[in-house]
Amino acid sequence: MAELDIGKHCSVRECNLKDFLPFVCDGCSGVYCLEHRSRDSHCCSQISVKKQCVKSEQSTSYPCNYQGCFGKEPLPVVCQHCEKHFCLAHRHQQDHDCEKLQIPKPRMAATQQLVKDILESKKSALPGKKRKGAKNSETAAKVALMKLKLHAVGDKALPQTERIYFQVYLPKGSAEKSKPMFFSSRWSVGRVVDYAASLAGLKNNNNILTAKVKLSGIF
């Protein structure tokens, strides 16, 4: 009398137990014994893929593209010029050495040179009283600078050798027309604008890409 071939072997290689009432997994369609019938016990491929997808979705972050920076942000901070992701510390063009950064013309240097040329021409034309007037102008400029430094507000932790002073003119509608401030000579223009806005209590939307009104500085 021939033997009846009843049951099937467990698909787990280390087990291979023949079970007369095997279980079929509804995920990977494999055949398993009683001990390995659950998806977790036989490491079902379908449940592993699902867990991996869920894990990747939960850990979504946006790494900073600035060289040497390992910062990440939970929301995208994209430079509107080079269209790359950056952390909040490197979101300004100057801070991440933006490849599309356009260096503005040094207006202040050009203006200072123009004033210097005018003064020199007046000195050479009328050497007598005009020279005395030029000295008075220089003295008045020094006094104005001393007053500016005396009333300027800023980060008191900054060393004196690093400070630069400005008379900051505020937007129309502000409580004050202007305010003397000092900043670090090492700061970028974007950081100076952000800090000036915080000192003046102005609304600052510069870190919002879709904002229609943004603060800017002219130096």
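Helices and strands here are DSSP runs, numbered from the N terminus; a helix has at least four residues and a strand at least two. The model is predicted.

**Overall layout**

The protein chain has 4 helices and 8 strands. From the N terminus, their order is β-β-β-β-α-β-β-α-α-β-β-α. The chain holds 219 residues, and 24% of them count as buried. It exposes about 17,100 Å². Carbon and sulfur atoms supply 56% of that area. Take the contacts between residues at least 6 apart in sequence: 23% of them join residues at least 24 apart.

**Confidence**

Mean pLDDT for the protein chain is 77. A value of 70 or more is reached by 74% of the residues. Where is confidence lowest, and where is it highest? Helix H1 (residues 45–58) is lowest, with a mean of 57. Strand S5 (residues 62–63) is highest, at 89. Where pLDDT is low, the predicted coordinates should not be read in detail.

**The largest core and leucine 170**

The largest nonpolar core has 12 residues. Among them are Leu148, Tyr165, Leu170, Phe182, Trp187 and Val192. Strands S7 and S8 and helix H4 (189–200) each supply at least two residues of this core. S8 gives the most, with 3 residues. A second, separate core has 7 residues, including Cys79, Cys82, Phe86 and Cys98. In soluble globular proteins, nonpolar side chains tend to be buried together.

Leucine 170 belongs to the largest core. It lies in the loop between strand S7 (163–169) and strand S8 (178–184). Is leucine 170 buried or exposed? Its relative accessible area is 15%, and buried means under 20%, so leucine 170 is buried. Beyond its neighbours within four places in sequence, leucine 170 is in contact with Glu176, Lys177, Ser178, Ala200 and Leu202. Leucine 202 is 32 residues away from leucine 170 along the chain. The C-alpha atoms of the two are separated by 8.8 Å.

**Histidine 90**

Histidine 90 sits in the loop between strand S6 (72–73) and helix H2 (107–125). It is buried, with a relative accessible area of 16%. Which residues does histidine 90 contact, leaving aside its neighbours within four places in sequence? They are Cys64, Tyr66, Cys69, Asp95 and His96.

**Exposed loop residues**

The table lists three of them.

| Residue | Relative accessible area |
|---|---|
| Phenylalanine 20 | 58% |
| Serine 29 | 55% |
| Glutamate 83 | 62% |

Exposed means over 50% relative accessible area. Phenylalanine 20 therefore counts as exposed, at 58%. Its place is in the loop between strand S2 (18–19) and strand S3 (23–24). Phenylalanine 20 also forms a nonpolar surface patch with Ile6 and Leu21. Together, the three have about 360 Å² of accessible area.

Serine 29 lies in the loop between S3 and strand S4 (31–32). Its phi is near 65°, a positive value in a residue other than glycine. Glutamate 83 is found in the loop between S6 and H2. Glutamate 83 has a positive phi too, of about 60°, although it is not a glycine.

Key: Residues numbered from 1 in each chain as written. Predicted model: local features only at pLDDT ≥ 70, side-chain atom pairs only at ≥ 80, totals over all residues. Heavy atoms only, no water. Buried < 20%, exposed > 50% of the residue type's maximum accessible area, 1.4 Å probe, protein only. Contact = heavy atoms within 4.5 Å. Core = buried A, V, L, I, M, F, W, Y, C linked by side-chain atoms within 4.5 Å. pLDDT = per-residue confidence, 0-100. Patch = residues over 30% accessible without salt bridge, like charges linked within 9 Å, V, L, I, M, F, W, Y side chains within 5 Å. Areas by Shrake-Rupley, 256 points an atom, 1.4 Å probe, with all protein chains shown as cover. Salt bridge = Lys/Arg side-chain N within 4 Å of Asp/Glu carboxyl O.
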